[in-house]
Amino acid sequence: MGMNTKKNVIYLIADSLRADYLGCYGNDSVLTSEIDKLAENGVRFDNTVSAAPWTIPSVKSHGTGKYPHEIGIFDSDVDEGATIFDQFKADGYKTALYYDTDRRDELFSENVDHYDWSYDIEALLDFISENKGEPFFIYNLYRGTHVPYTLKYSSEAWHQAKDEVMSLIQEGGEGLEEAKYRYERSIERFSEWYVGAIIDRLRKENMLEDTAIVITGDHGESWGKRFDDQSTVDLFDLHGTLLYDEALKVPLVLYNFDIDCTGSVSEMVRSVDILPTILDSLDATPLRDDLDGASLLPQLERKEGEFPEYAFSSTTTHDQFGGIGEADEESGSTFNRFSVSRHDGWKYIVSLDRDTRELYDTTSDPGEESNLINERQDVAEQMDEQLKTQFGKLLSNEEHSDEVKQRLEDLGYL
């Protein structure tokens, strides 16, 4: 059965957007009234865990409903299977990808009818107006909330602004506070200017009631919180190498998806649950039967079943991955840091490159400051079993270097 209402769907992912920097999540110092209104009239999820703490694997995960390690994200010739574009195209939608990179066609190359730049709000608004006669699907990664916390129209200007903000972060103290101030203002621009412009255009074209909207982030931001020496923090260190909640917890608002539920949801959900949930709400049958996520409608509407018990995330320390490419030959491994989040607040992190295991009770220790790996071996063993089940192939990869194999053996995975 095809989609019953044929609502337009706009899937907005804001780069580096933390949930705790939005008004609807309790932040009074940032003006986000446009997003807050969507949350007030939709469903807001208060505990959403991203599958990865940096853009490429996270965006691909959003677009497939799969965990990044399951679709070979670093293999240049990977076939990730049916994507979100394949899905909506099959259901009669005109599809569009807005993404600020010349390599966007490497991300999703099939069944994308229209490519454009996410920073060009006028082009996006024109697309909405020009396609009011047929259902459309827009997948949009907004980069203005990523360092340098502003949109730039050239690579040179972007790099100059990036270097300035990174200098502030590395300075620490007042410099760091200035960087965070710029981050807050970038979120305000996303909400009040970007999202606001989309809402205004939909309303002007009498399309708002016929359009469903996702607001979320690909990952969070840390500003070097885990570094003893702030001056050594690099761009990728702001989130890409980290599996702590400041890098993984993202907002999630679903607006106008015909979900018989409004308000906030406190239970833990996963970024891989978004795709199956919105498809279910639109009465669409997924093209693939191997989704890692699951629809949340039974829990939201009928109070049936359980919310996810575990959420998995993974990343790499290979900061050379600015796009899709192969791992370097020396490492032999792409993903080498893994985490398991449990619905009751326990969080488990394994870092092969550092030969470490960490265990946190995020209910009593939301900042993940007190490692309980020695005190609560019982919980660690339970979480370790889940990690082995999810990441088993990576943990036993024969292509690992001898050094990584030794670390795997030390941690008990070989």
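**Notebook: a helix pair and a sheet**

I looked up helix H6 (residues 155-171) and helix H7 (residues 173-204), which pack at about 135 degrees with their axes 6 Å apart. Axes are lines fitted to C-alpha atoms, for helices over the stretch in contact, and angles run from 0 to 180 degrees between N-to-C directions. H6 is therefore oblique to H7; under 35 degrees counts as roughly parallel, over 145 as roughly antiparallel, 65 to 115 as roughly perpendicular and the rest as oblique.

I noted that this is a predicted model, where local features need pLDDT of at least 70, side-chain atom pairs count only at pLDDT 80 or more, and totals for chains, interfaces and linings use all residues. Residues are numbered from 1 along each chain as its sequence is written, and side-chain values use heavy atoms, with hydrogens and water left out.

I then listed the contact (heavy atoms within 4.5 Å). From H6 it takes Glu-164, Val-165, Leu-168, Ile-169 and Glu-171, and from H7 Gly-173, Gly-175, Leu-176, Glu-178, Ala-179 and Arg-182.

Next I turned to the sheet. Helices (H or I, at least four residues) and strands (E, at least two) are DSSP runs, numbered from the N terminus. Four strands form an open, antiparallel sheet in the order S10-S11-S12-S13; two strands pair if DSSP finds at least two bridges between them. I found strand S10 (310-315) and strand S13 (356-361) at the edges, each pairing on one side only. The twist averages 15 degrees from one strand to the next.

Last, I checked strand S12 (residues 346-351), which runs antiparallel to S13 and is joined to it by six bridges. Lys-347 stands opposite Tyr-360 in S13.
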